[in-house]
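Look at the side chains of this protein chain. Which of them meet, and where do they sit? The report below takes them group by group.

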Amino acid sequence: MQQKQRIAIDMDGVIADHLNKHLTLYNRDYEDQLTFADLQGKKLREMAKCGIAVQKYYQDPTFFRDLVVMEGSQSVVKQLQENYEIFIATAAMEFPLSFQAKYEWLTEHFDSIPKSNIVFCGDKGILHADYLIDDNSYNFKNFKGKGILFTSPHNVYETEYARVNNWQEVAAMFLG
C-alpha cells in the first residue's frame, strides 16, 4: 500500500481568522480605524500606532480560543483527509500562553484531525510533509517540501511561492 502524501496546515491566518480579531481589538484600544486595505503588504505591527506592542494581545491566554473559522476550511480539510495525511502545524513557541486555547480551538473545530497530528512548533522546517500551507513565507525557508502561500494582507505582494486565496482554491489544487 502506498503511503499517503502529507499536508501540514498552519492554524493562524489559514484555518483560524486571527487577523480580524487582532485588528478589531487594536482599533478599539488605540482608537484607530485601520482596515484590511491599510494592511496590504504590511503586518499590523508595521501600521499600528503602538508598533510591535500590538502583539500584546497574543499574550492573553484566551486570545486564540474564540477565533472565527476560515470559510470553507473545515469541509475542505475533511475532504483532504480522504486522500492525504493531514497535520495542523502552528508556531506557538513565541507565545507559549496560547497552547491551551489553540489546542481547545482545534479540537472543537477540527475534531477529525487526530490529536497526534497537531504539532506545536517554532521552526516549521522540522515538519516532515510534502506540502505546507501557510500565510507566512518565512516558514518555508527550512521546510523540505513545497510551500503554498495562503493569501493574507501582509503577503499579497510575495511572488516566490505557489499561492491559494481561499479554501476553494486549496480544494481545486489538491482534489482536482
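A polar atom in the side chain of Asn-155 lies 2.9 Å from the backbone oxygen of Phe-150. The side chain of Asn-155 also reaches the backbone oxygen of Asp-135, again at 2.9 Å. Both are judged as polar contacts (a pair of N or O atoms within 3.5 Å; within protein, one must be able to donate a hydrogen and the other to accept it, and residues adjacent in sequence count only if both atoms are side-chain atoms).

Asn-155 is placed in the loop between E7 and strand E8 (162-164). Helices (H or I, at least four residues) and strands (E, at least two) are DSSP runs, numbered from the N terminus. Asn-155 has a relative accessible area of 0%, so it is buried. Buried means under 20% relative accessible area, exposed over 50%, and partly exposed in between (1.4 Å probe, protein chains only). Leaving aside neighbours within four places in sequence, Asn-155 is in contact (heavy atoms within 4.5 Å) with Asp-135, Leu-149, Phe-150 and Arg-163.

## About the model

This is a predicted model: local features need pLDDT of at least 70, side-chain atom pairs count only at pLDDT 80 or more, and totals for chains, interfaces and linings use all residues. Residues are numbered from 1 along each chain as its sequence is written, and side-chain values use heavy atoms, with hydrogens and water left out.

## Aromatic rings

The whole structure holds eleven aromatic pairs. Rings of Phe, Tyr and Trp (its six-membered ring) pair if their centres lie within 6.5 Å; planes under 30 degrees apart count as stacked, over 60 as edge-to-face and the rest as tilted. Phe-150 lies in strand E7 (residues 146-150) and Trp-167 in helix H5 (residues 167-175), so the pair ties together parts 17 residues apart in sequence. Phe-150 is buried at 3% relative accessibility, and Trp-167 is buried at 1%.

Tyr-58, Phe-63, Phe-64 and Phe-95 form one aromatic cluster. Which charged ends sit over rings of Phe-63 and Phe-64? The charged end of Lys-21 sits over the ring of Phe-63, 4.7 Å from its centre. The charged end of Lys-102 sits over the ring of Phe-64, 4.7 Å from its centre. The rule asks for NZ of Lys or CZ of Arg within 6 Å of the ring centre and within 35 degrees of the ring normal.

## Salt bridges

Side chains of opposite charge can pair when their charged atoms come close. A salt bridge is a side-chain nitrogen of Lys or Arg within 4 Å of a carboxyl oxygen of Asp or Glu. The count comes to eight salt bridges.

Arg-65 and Glu-104 meet in one of them (3.1 Å, N to O). Arg-65 lies in the loop between helix H2 (44-47) and strand E3 (68-69), and Glu-104 in helix H4 (residues 99-109), so the pair ties together parts 39 residues apart in sequence. Arg-65 also forms a salt bridge with Glu-108, the closest N and O atoms being 2.8 Å apart. Arg-65 is partly exposed at 27%, Glu-104 is partly exposed at 30%, and Glu-108 is partly exposed at 45%.

Asp-134 forms a salt bridge with Lys-124, the closest N and O atoms being 2.6 Å apart. Asp-134 is buried at 0%, and Lys-124 is buried at 1%. A network of salt bridges links Asp-10, Lys-124 and Asp-134.
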